[in-house]
Structures are given as structure tokens and as C-alpha cells.
Amino acid sequence: MRPAGRAETDSLYFDYPHFPFVRPPELDGQAVRHRVAIVGAGPVGVTAALELARHGIASVVLDDKDTVNDGSRAICLSRHSFEILQQLGVAAPFEEKGLGWTQGRTYFRDREIYRFQMPHSDQERYYPMVNLQQQYIEQFLIDKAQASDLIEMRWQSAVTGVSQADAGVTLQVTTPEGDYRLQCDYLLAADGARSVVRKAFDLSLHGEAYEGRYVIADVRLRSDFPTERRAFFHSHALPDTTILVHKQPDDIWRIDYQLGPGEDPEQAVEETKIRERVELIVREVMHEEGDWELEWWSLYKAHTLALDDYRHGRVLFIGDSAHLVPIFGVRGLNNGLADAANAGWKLACVLKGQGTDGLLDSYSPERRGATLDVFANAGKSTRFMTPPTRGHALMRDAALALAFHNDYASGFANPRQVTPYTYADSPLTLADGAAFEAGPIPGAPLINRRLGDDDFLLDHLGTGFTLMHFSEAGEVEPPLQQRLAALQAKGIDLTLLRVARSPGAEDALVDPDGSLFTGYGAAPGAAYLARPDRHVAARWKSFEPAALEAALNLAQGRALEGETS
């Protein structure tokens, strides 16, 4: 919603693009078969298209809008999400525009009681969290997609029906110039909480809805307060309200505040009420004296809902079409981007003949497992932010009161920010054969390490699988070279990263201070096999080249169906 007299795209800070309708060949009777169709041109859908394109797979993206979504919506991007964006070659504008942050504060009755610090060091390229309005997130992704020859964006194209058979999926599409049918081999449903695709197959989200509603308001306010997350409980200005405040680019502040007990949601979103409440928060809670302008607002209710299975034949559900998670801990968008990366590389692998149907079957247990982990953590955060019962409220307030004078109680206010999920129980993950003392376990994402000025380990990953081999000077024995060449000759996208203690081989990555060897718990002869999404598929303390093929077979889903490469 926007203030009276302003159109939906009349923003104080963002110039909304207009995406024209382009007549598709199907409307002229041409028979076109697409390898992948994606419904929904939000951040998750376009990320999936870019991931497919990274692996050489074409897709068509359909959306019923003619611009990006209005309002800031999802604003926090995690480090793990930035590493996804880096792989897609689109991180630069996000880094240039976004506001990075590492800490947050919690207040109880107007007194600071807790300050959390997210892990961050010079070994990382990106901040643990970056604030950026969703309009920019969508714009940067769409700009990248429109520059790709492998992605076709179809705007003002509403999907009104979906059906599938053994050979593919058929979409019914409505446009300003008529209706048509679109044929594709596979479909990625990224069409959000009210997913048309989900409804077409009569699939339902299951879980729970939490008590309480929040107003989300964007205001323009010039302030020197640093970029960090602030949470206020029982302020004197709004004693029955929990308030969250985030700084965004362009002097825009995101204010989330809880509706009071018995407060009418319809009245709460009336402009006069919004202005009254924001004025109190800006003056009495944030202690800002400058002028402010109202930009946009919406109403929010927390849910933990998910499909029982994220795969339905040739349809994969990603993002909010598959699950709804609370905003607390900034898990919604970040979880959706991980969905897109996971589904994208697996679908590309299958379409290139390098993976089996079992690889697609692994999408649901991996990403639904990640959702359930989010539910466990976000549920705790939600019950803390919005207590569902009087008993929960009393316990929450007791913990906050204890934190006035007792540091041990401060941790109760920890917001449990999003962390990447570890696919330890995935059918694609090879369990450790020998104990490592450090390093990411199989299923966990790779960790980054600085190699030099503006040079980090994750900068050197290939588009497909990566074998990180540790040695004294980057030497690789002939049996491993022969094994790699044979696998690459079969079309497997496999990159070798030589990690050396000291200079030697010309193309080796030299570990200047030993932090890479230490971080990975590695000694010369160790190796890690990473999937295209940077998660560890297998690792070996003492690597034997013959083990590589079996690990790749498992990671491509072949071992699940008794196949070999």
C-alpha cells in the first residue's frame, strides 16, 4: 500500500521498470518445445533461470506482471546467498548497493540488554548479512537474465492452468493478445504463496500459523545510525508491541511492528493509523528527530507451512510455492535462493544426460530438510517475538528482565539468524571414511579462505563439480590426471583445484598462511569433492583416484539407481 494520491509504482527512491509484452511464437501457431519453463519472475524464479543458464540450459520465465514487486519485502541477503550470486556472475551490483552488517541489538523497556555479533573475518569476501530492498534484488537479477541468450522473459503472461504427462508439462497461458499452450519438459514453480501451479495439482501446504500480525512499513529518514538489526520489546511508547528496525539503502528504514492485542487488522493498515504509529516509533523508540516520509506498508502474519513433497512428477516447487517461513531470522528469501540453486544444477545435470531421475528425487529431501530446520529455528524466534499464549509471554518477559543484570540470560534474545543447511543425510552425500579434525563435513557448504588481495578460494570454483586436492607444491600424480581426463571426456563438468603449501605447479592455489589447510583439516594427499552448489559431496584424508568415480556416481544420483557413469 502507498500513501493517498500515489500510484503503486510511485516510489520515493526506486524507478520501477516497465516490461512490455512480447508476442510469443505459440500465439502464431508455431509448435515450440521448451526444455524448462519457470512460473514466477521473482528473485527465486530468476535465480533458477540463471543457474540453469550457468550450466548451458535454456529456460522460459513467465510472469503476469509488467514490473518488479512493489515495496521492500525481503530485504536481508545472507553470505551464503551472496556466494550463490557470485556463482551466477551477478554479485557486483548487489555488493555495490547493499548495506552490510554484522551485529544487532535487543532492547527491553527501552534499555539495551543484548548485542549479538555474527561471525565475520577477513577470510570472507562478503558480510554475513546485507540489507537491500527486494525491488533492487529483482532488478539486478532480471538485468542479468535479460542479457542471457539462454533465458526468455515473458511478461504479462499469466499461467491459468497446468497439466503433465509422462513426456512433459503443458501450461495454459493468458496474455493481452490471447491465450496459448506452452509445452516444456520440466517446470519450476516459483509463483509464490498463492501458487497457481500448486493449486492446479490440488497440492496443499501443511503446518501452522502463528498468533499475531505485523505491519511492515518503509519510511525515508536521514540518520547516521549504523546498519544493524534492532529489536524492541515493551517500549514505553508501545508497551504491547514488538518492533524490528532495519536500515536500507537510499535512506529507507524498514520498521516492522506487532499489532496490539485485539487490534483490528483492517483499521491498523489505514494510512492515518500507520502514520500515527510510525511517528511514535521514530520519535520515542528510535529517538530520531529528523523529518520522515512514508513510502509503503503491508500486513504480515507468520506461518511455518510446507508441501509434503517438493517434487511432483516433472514439476519442482521452489521458494514460497513450496514453503512459507516466518521473517524472523531472515530465512524466507535466503531459503528460496538455495532452493533455486539446488533444483537448477540438478535439473541441468539430468537434461545434459549426466544425472538420473534419482538426482531429481534428492531435491525434496534436501530442501524440505532445510525447510524443517528453518521451521525449528524460526519457530523459536517467532514464539519469542510473538508469544502465542500468556504463558509464553510471561516466560519471554522473565528472560528479558533477567538480562537486565545477568549476561547469561541475554542469549535468550538471540534472533538465530539464518545459516546454510548441511545435507549430511542426503542420498547424494558420501559419509566420512576417516575422521577429520576440522573442515566442512560432507553435506556442508565449502568455507571460504583468503588467498591474496581480492582473491578468495570460492572465486576459483568451476561451474560443475570441483575436486579440491591438497599437496605440498600442487603436484598431481598421473593416475589422478588420467582419471580426471577420462571423466571429463564423458562430458562430466569437473574442475581440479590444486591447493599447495608452497609455490610449485603453475596453476596451483598457494595457501599463503596455512589457513586453507587448517580450515579444511587437510594435509598433503587430502581431497574434497564439491557439488555445483558448493556443498561437499565427499572428502578423503588420503585420496585415492579410484574413489572419485564412485563419489561422482552417488552425487549425480546414479548409484541410487544402480547405474555407473
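## Asp 251

Asp 251 is partly exposed, with a relative accessible area of 29%; here buried means under 20% relative accessible area, exposed over 50%, and partly exposed in between (1.4 Å probe, protein chains only). Asp 251 sits in the loop between strand S14 (242-248) and strand S15 (252-258). Its phi is positive, about 60°, although Asp 251 is not a glycine. Helices (H or I, at least four residues) and strands (E, at least two) are DSSP runs, numbered from the N terminus.

## The model

This is a predicted model, in which local features need pLDDT of at least 70 and side-chain atom pairs count only at pLDDT 80 or more, while totals for chains, interfaces and linings use all residues. Residues are numbered from 1 along each chain as its sequence is written, and side-chain values use heavy atoms, leaving out hydrogens and water.

## Arg 73

Let us turn to another loop. Arg 73 is found between strand S2 (59-62) and strand S3 (76-78). Arg 73 is not a glycine, yet it has a positive phi of about 50°. With a relative accessible area of 35%, Arg 73 is partly exposed.

## Helix H1

Helix H1 covers residues 43-54, 12 residues in total. From its first C-alpha to its last, H1 reaches 16 Å, close to the 16 Å expected at 1.5 Å a residue; the expected span is 1.5 Å times one less than the number of residues.

Because 12 of the 12 residues of H1 are buried, the helix is largely enclosed by the rest of the structure. Among them are Pro 43, Val 44, Glu 51 and Arg 54. After H1 comes Gly 56, with a positive phi near 85°.
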